[in-house]
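Thanks for coming. I will walk through one model, a few residues at a time, and give each term its cut-off when it comes up.

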Amino acid sequence: MPAEISSSKMFEGFNKRYKHYSPTLGCSINFHIYFPPSTSPSQKFPVLYWLSGLSCTDENFIIKSGAQRVASTEGIALVVPDTSPSLNVEGEADSYDLGVGAGFYLNATVEKWKNWQMYDYVVKELPKLLNEKFPQLDTSRASISGHSMGGHGALTIYLKNLDKYKSVSAFAPIVNPVNCPWGQKAFTNYLGDDKSAWEEYDAICLISKFNDVAATILIDQGEDDKFLHENQLLTNKFDEACRKAKAPLLLRMQPGYDHSYYFIASFIDDHIRHHAQALNL
(Lines give C-alpha, C1' and ligand atoms only; values in the text may rest on other atoms or scores of the structure.)
Protein backbone atom coordinates (compact mmCIF):
# COMPACT_ATOMS: atom_id res chain seq x y z
CA MET A 1 0.00 0.00 0.00
CA PRO A 2 1.34 3.48 -0.77
CA ALA A 3 2.35 5.34 2.37
CA GLU A 4 0.15 8.34 3.21
CA ILE A 5 2.45 11.27 3.99
CA SER A 6 -0.05 14.12 4.40
CA SER A 7 -3.78 14.79 4.61
CA SER A 8 -5.70 18.09 4.55
CA LYS A 9 -9.45 18.63 4.56
CA MET A 10 -10.78 20.88 1.79
CA PHE A 11 -14.36 21.52 0.64
CA GLU A 12 -15.50 18.61 2.85
CA GLY A 13 -13.16 16.22 1.02
CA PHE A 14 -9.48 15.46 1.60
CA ASN A 15 -6.22 16.13 -0.20
CA LYS A 16 -4.01 13.14 0.51
CA ARG A 17 -0.38 12.75 -0.54
CA TYR A 18 1.16 9.32 -1.00
CA LYS A 19 4.64 7.91 -1.60
CA HIS A 20 5.34 4.54 -3.19
CA TYR A 21 8.08 2.63 -4.97
CA SER A 22 7.50 2.52 -8.72
CA PRO A 23 8.95 -0.51 -10.55
CA THR A 24 8.32 1.34 -13.83
CA LEU A 25 10.52 4.28 -12.83
CA GLY A 26 12.93 2.41 -10.57
CA CYS A 27 12.51 4.87 -7.70
CA SER A 28 10.11 6.16 -5.07
CA ILE A 29 7.66 8.80 -6.27
CA ASN A 30 4.82 10.86 -4.80
CA PHE A 31 1.28 11.46 -5.99
CA HIS A 32 -1.76 13.32 -4.67
CA ILE A 33 -5.41 12.30 -4.60
CA TYR A 34 -8.24 14.66 -3.79
CA PHE A 35 -11.12 12.56 -2.47
CA PRO A 36 -14.45 14.41 -2.67
CA PRO A 37 -16.89 13.99 0.24
CA SER A 38 -18.62 10.63 0.27
CA THR A 39 -22.34 10.15 0.79
CA SER A 40 -22.13 6.38 1.42
CA PRO A 41 -19.41 3.78 2.20
CA SER A 42 -20.03 2.07 -1.15
CA GLN A 43 -19.73 5.23 -3.27
CA LYS A 44 -17.11 5.07 -6.02
CA PHE A 45 -15.72 8.21 -7.63
CA PRO A 46 -14.65 8.66 -11.25
CA VAL A 47 -11.07 9.87 -11.69
CA LEU A 48 -9.61 12.95 -13.36
CA TYR A 49 -5.85 12.70 -13.87
CA TRP A 50 -3.98 16.01 -13.90
CA LEU A 51 -0.53 16.18 -15.52
CA SER A 52 1.58 19.15 -14.48
CA GLY A 53 4.08 21.23 -16.43
CA LEU A 54 7.83 21.76 -16.48
CA SER A 55 9.52 22.14 -13.08
CA CYS A 56 6.30 21.21 -11.23
CA THR A 57 5.68 18.35 -8.80
CA ASP A 58 2.49 16.66 -7.64
CA GLU A 59 1.93 19.61 -5.26
CA ASN A 60 1.51 22.64 -7.58
CA PHE A 61 -1.95 21.83 -8.88
CA ILE A 62 -3.27 20.70 -5.51
CA ILE A 63 -2.09 23.89 -3.77
CA LYS A 64 -2.73 26.53 -6.46
CA SER A 65 -5.56 25.56 -8.80
CA GLY A 66 -8.65 25.56 -6.57
CA ALA A 67 -9.97 22.61 -8.58
CA GLN A 68 -11.22 20.91 -5.42
CA ARG A 69 -14.21 23.26 -5.08
CA VAL A 70 -16.02 21.92 -8.15
CA ALA A 71 -14.50 18.42 -7.89
CA SER A 72 -16.16 18.25 -4.46
CA THR A 73 -19.63 19.18 -5.72
CA GLU A 74 -19.34 17.05 -8.89
CA GLY A 75 -18.02 14.01 -7.01
CA ILE A 76 -14.79 13.60 -8.98
CA ALA A 77 -11.50 12.38 -7.53
CA LEU A 78 -8.40 14.29 -8.69
CA VAL A 79 -5.24 12.24 -9.17
CA VAL A 80 -1.99 14.18 -9.60
CA PRO A 81 1.27 12.31 -10.26
CA ASP A 82 4.74 13.84 -10.11
CA THR A 83 6.34 14.96 -13.38
CA SER A 84 9.47 12.77 -13.48
CA PRO A 85 11.61 10.29 -11.58
CA SER A 86 14.59 11.52 -9.57
CA LEU A 87 17.58 9.17 -9.54
CA ASN A 88 20.74 11.28 -9.35
CA VAL A 89 21.39 10.83 -13.06
CA GLU A 90 24.25 13.09 -14.12
CA GLY A 91 22.87 16.46 -15.22
CA GLU A 92 19.26 15.64 -14.28
CA ALA A 93 18.84 18.92 -12.38
CA ASP A 94 20.97 21.20 -14.58
CA SER A 95 18.01 22.78 -16.40
CA TYR A 96 14.28 23.09 -15.79
CA ASP A 97 13.34 21.62 -19.18
CA LEU A 98 15.25 18.31 -19.03
CA GLY A 99 15.56 15.66 -16.35
CA VAL A 100 13.90 16.23 -12.97
CA GLY A 101 10.53 17.95 -13.38
CA ALA A 102 10.62 17.39 -17.14
CA GLY A 103 9.51 13.83 -17.87
CA PHE A 104 7.42 14.85 -20.93
CA TYR A 105 5.12 11.84 -20.33
CA LEU A 106 7.05 9.61 -22.72
CA ASN A 107 9.05 6.37 -22.48
CA ALA A 108 12.70 7.29 -22.95
CA THR A 109 14.81 4.96 -25.08
CA VAL A 110 18.26 6.54 -24.64
CA GLU A 111 20.18 4.53 -22.03
CA LYS A 112 21.09 7.48 -19.79
CA TRP A 113 17.41 8.32 -19.28
CA LYS A 114 16.10 4.73 -19.23
CA ASN A 115 14.13 5.35 -16.01
CA TRP A 116 12.19 8.22 -17.59
CA GLN A 117 9.12 6.07 -18.34
CA MET A 118 6.38 8.49 -17.39
CA TYR A 119 4.06 7.36 -20.18
CA ASP A 120 3.90 3.81 -18.82
CA TYR A 121 3.68 5.10 -15.26
CA VAL A 122 0.66 7.31 -15.99
CA VAL A 123 -1.12 4.98 -18.42
CA LYS A 124 -0.40 1.59 -16.82
CA GLU A 125 1.20 1.50 -13.38
CA LEU A 126 -0.67 4.28 -11.58
CA PRO A 127 -4.21 3.26 -12.69
CA LYS A 128 -3.45 -0.36 -11.71
CA LEU A 129 -2.22 0.80 -8.29
CA LEU A 130 -5.31 2.97 -7.78
CA ASN A 131 -7.60 0.13 -8.80
CA GLU A 132 -5.95 -2.30 -6.40
CA LYS A 133 -5.41 -0.05 -3.37
CA PHE A 134 -8.22 2.52 -3.42
CA PRO A 135 -11.62 0.79 -3.69
CA GLN A 136 -13.42 4.16 -3.51
CA LEU A 137 -12.05 5.05 -6.97
CA ASP A 138 -13.68 3.85 -10.20
CA THR A 139 -10.70 3.85 -12.58
CA SER A 140 -12.89 2.54 -15.41
CA ARG A 141 -14.39 6.05 -15.52
CA ALA A 142 -11.38 8.29 -16.10
CA SER A 143 -10.53 11.52 -17.89
CA ILE A 144 -7.26 13.40 -18.27
CA SER A 145 -6.12 17.02 -18.23
CA GLY A 146 -2.93 19.02 -17.84
CA HIS A 147 -0.95 22.22 -18.30
CA SER A 148 1.88 23.04 -20.73
CA MET A 149 4.12 19.93 -20.76
CA GLY A 150 1.26 18.22 -18.94
CA GLY A 151 -1.18 19.43 -21.57
CA HIS A 152 1.08 17.75 -24.12
CA GLY A 153 0.97 14.61 -21.98
CA ALA A 154 -2.81 14.70 -21.58
CA LEU A 155 -3.47 15.14 -25.30
CA THR A 156 -1.02 12.49 -26.49
CA ILE A 157 -2.02 9.94 -23.85
CA TYR A 158 -5.70 10.51 -24.59
CA LEU A 159 -5.33 10.20 -28.35
CA LYS A 160 -3.35 6.96 -28.02
CA ASN A 161 -5.79 5.49 -25.48
CA LEU A 162 -9.27 6.57 -26.53
CA ASP A 163 -10.69 3.45 -24.85
CA LYS A 164 -9.25 4.41 -21.45
CA TYR A 165 -10.37 8.04 -21.05
CA LYS A 166 -13.80 9.65 -21.42
CA SER A 167 -12.52 13.16 -22.16
CA VAL A 168 -9.47 15.42 -22.33
CA SER A 169 -8.70 19.08 -21.70
CA ALA A 170 -5.57 21.21 -21.51
CA PHE A 171 -4.25 24.60 -20.51
CA ALA A 172 -1.60 26.09 -22.80
CA PRO A 173 -0.43 22.68 -24.05
CA ILE A 174 2.77 22.00 -26.00
CA VAL A 175 0.90 20.57 -29.00
CA ASN A 176 3.72 20.19 -31.52
CA PRO A 177 6.91 19.29 -29.59
CA VAL A 178 8.69 18.00 -32.68
CA ASN A 179 8.72 21.62 -33.92
CA CYS A 180 9.40 23.64 -30.76
CA PRO A 181 12.60 24.19 -28.74
CA TRP A 182 11.34 22.51 -25.56
CA GLY A 183 10.25 19.40 -27.41
CA GLN A 184 13.30 19.18 -29.64
CA LYS A 185 15.65 19.35 -26.63
CA ALA A 186 13.70 16.76 -24.64
CA PHE A 187 13.08 14.37 -27.51
CA THR A 188 16.71 14.44 -28.71
CA ASN A 189 17.88 13.53 -25.20
CA TYR A 190 15.18 11.00 -24.33
CA LEU A 191 14.44 9.41 -27.70
CA GLY A 192 17.56 10.00 -29.81
CA ASP A 193 17.59 11.22 -33.39
CA ASP A 194 14.84 9.01 -34.88
CA LYS A 195 12.16 11.56 -35.77
CA SER A 196 9.54 8.85 -36.30
CA ALA A 197 9.86 8.00 -32.57
CA TRP A 198 9.27 11.68 -31.76
CA GLU A 199 5.99 11.71 -33.70
CA GLU A 200 4.54 9.08 -31.33
CA TYR A 201 4.48 11.81 -28.66
CA ASP A 202 3.21 14.75 -30.71
CA ALA A 203 -0.49 15.68 -30.55
CA ILE A 204 -0.53 17.16 -34.06
CA CYS A 205 1.03 14.01 -35.52
CA LEU A 206 -1.37 11.81 -33.55
CA ILE A 207 -4.67 13.60 -34.26
CA SER A 208 -4.52 12.57 -37.91
CA LYS A 209 -4.20 8.89 -36.85
CA PHE A 210 -6.43 8.76 -33.78
CA ASN A 211 -9.26 11.11 -34.67
CA ASP A 212 -12.23 9.02 -33.55
CA VAL A 213 -12.76 11.44 -30.68
CA ALA A 214 -16.20 11.35 -29.06
CA ALA A 215 -15.96 14.10 -26.44
CA THR A 216 -14.97 17.61 -27.48
CA ILE A 217 -11.32 18.43 -26.72
CA LEU A 218 -11.25 21.55 -24.53
CA ILE A 219 -8.20 23.85 -24.63
CA ASP A 220 -7.75 27.20 -22.92
CA GLN A 221 -4.84 29.37 -24.07
CA GLY A 222 -3.86 32.76 -22.66
CA GLU A 223 -3.26 35.37 -25.36
CA ASP A 224 -0.54 37.05 -23.25
CA ASP A 225 1.34 33.78 -22.67
CA LYS A 226 5.00 34.54 -23.44
CA PHE A 227 5.59 30.91 -24.45
CA LEU A 228 2.87 31.20 -27.09
CA HIS A 229 4.74 34.15 -28.59
CA GLU A 230 8.07 32.27 -28.36
CA ASN A 231 6.58 29.46 -30.52
CA GLN A 232 6.82 26.83 -27.79
CA LEU A 233 3.08 26.02 -27.84
CA LEU A 234 1.94 26.41 -31.49
CA THR A 235 -1.71 26.26 -30.45
CA ASN A 236 -3.11 27.42 -33.80
CA LYS A 237 -1.45 24.47 -35.55
CA PHE A 238 -3.44 22.04 -33.41
CA ASP A 239 -6.62 23.91 -34.28
CA GLU A 240 -5.79 23.47 -37.97
CA ALA A 241 -4.96 19.77 -37.48
CA CYS A 242 -8.26 19.12 -35.68
CA ARG A 243 -10.22 20.84 -38.44
CA LYS A 244 -8.45 18.73 -41.03
CA ALA A 245 -9.08 15.52 -39.05
CA LYS A 246 -12.67 16.60 -38.26
CA ALA A 247 -11.93 16.11 -34.56
CA PRO A 248 -14.11 18.18 -32.19
CA LEU A 249 -12.07 20.95 -30.54
CA LEU A 250 -13.17 23.87 -28.41
CA LEU A 251 -10.18 26.23 -28.37
CA ARG A 252 -10.70 29.29 -26.19
CA MET A 253 -8.17 32.09 -26.57
CA GLN A 254 -8.30 34.08 -23.34
CA PRO A 255 -7.32 37.78 -23.65
CA GLY A 256 -4.84 39.10 -21.09
CA TYR A 257 -3.99 35.75 -19.49
CA ASP A 258 -0.46 34.34 -19.18
CA HIS A 259 0.98 30.85 -18.60
CA SER A 260 0.62 30.81 -14.81
CA TYR A 261 -1.61 29.17 -12.23
CA TYR A 262 -3.56 32.46 -12.03
CA PHE A 263 -4.73 31.55 -15.54
CA ILE A 264 -5.45 27.93 -14.59
CA ALA A 265 -7.38 28.92 -11.45
CA SER A 266 -9.52 31.30 -13.53
CA PHE A 267 -10.88 28.56 -15.81
CA ILE A 268 -10.39 25.27 -13.96
CA ASP A 269 -14.07 25.13 -12.93
CA ASP A 270 -15.07 24.92 -16.61
CA HIS A 271 -12.64 22.06 -17.13
CA ILE A 272 -13.85 20.08 -14.11
CA ARG A 273 -17.46 20.45 -15.32
CA HIS A 274 -16.41 19.49 -18.86
CA HIS A 275 -15.02 16.23 -17.51
CA ALA A 276 -17.90 15.70 -15.09
CA GLN A 277 -20.30 15.72 -18.02
CA ALA A 278 -18.30 13.00 -19.79
CA LEU A 279 -17.61 10.93 -16.67
CA ASN A 280 -21.13 10.89 -15.33
CA LEU A 281 -22.94 9.94 -18.55
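Let me start with Ala172, which is buried, with a relative accessible area of 0%. Buried means under 20% relative accessible area, exposed means over 50%, and partly exposed is in between, using a 1.4 Å probe and protein chains only. Before going on, the ground rules: this is a predicted model, where local features need pLDDT of at least 70, side-chain atom pairs count only at pLDDT 80 or more, and totals for chains, interfaces and linings use all residues. Residues are numbered from 1 along each chain as its sequence is written, and side-chain values use heavy atoms, with hydrogens and water left out.

Back to Ala172. It is found in the loop between β7 (168-171) and α5 (181-191). Helices (H or I, at least four residues) and strands (E, at least two) are DSSP runs, numbered from the N terminus. What is the phi of Ala172? It is positive, about 45°, although the residue is not a glycine. Most residues other than glycine have a negative phi.

Phe104 also has a positive phi, of about 55°, and is not a glycine either. Phe104 lies in the loop between β5 and α3, and it is buried, at 0% relative accessible area.

Next, helix α3, residues 118-133. Where does α3 kink? The kink, of about 35°, lies at Glu125, shortly before the proline Pro127. The bend at a residue is the angle between axes fitted to the seven residues ending there and the seven starting there. Both Glu125 and Pro127 are among the buried residues of α3. The buried residues of this helix pack against β2 (13-22), β3 (27-35), β4 (45-51), β5 (77-81), β6 and α4 (149-160). Contact here means heavy atoms within 4.5 Å.

Strand β6, residues 137-147, holds Ser145. Is Ser145 buried or exposed? Ser145 is buried, because its relative accessible area is 1%. Its contacts, not counting residues up to four places away in sequence, include Trp50, Ala170, His271 and His275. The side chains of Ser145 and Ser169 are joined by a polar contact of 2.8 Å. A polar contact is a pair of N or O atoms within 3.5 Å; within protein, one must be able to donate a hydrogen and the other to accept it, and residues adjacent in sequence count only if both atoms are side-chain atoms.

Now the rings. How many aromatic pairs does the structure hold? There are 17. Rings of Phe, Tyr and Trp (its six-membered ring) pair if their centres lie within 6.5 Å; planes under 30 degrees apart count as stacked, over 60 as edge-to-face, and the rest as tilted. Tyr119 and Tyr201 have ring centres 6.1 Å apart and planes at 75°, so this pair is edge-to-face. Tyr119 lies in helix α3 and Tyr201 in the loop between α6 (195-199) and α7 (203-207), so the pair ties together parts that are 82 residues apart in sequence. Tyr119 counts as buried, at 10% relative accessibility, and so does Tyr201, at 9%.

Tyr201 also has Lys160 over its face, at 4.4 Å from the ring centre. A charge sits over a ring if NZ of Lys or CZ of Arg is within 6 Å of the ring centre and within 35 degrees of the ring normal. The charged end of Lys195 sits over the ring of Trp198, 4.9 Å from its centre.

Last item: Trp50, Phe61, Phe171, Tyr257, Phe263 and Phe267 form one aromatic cluster. That is the end of my list.
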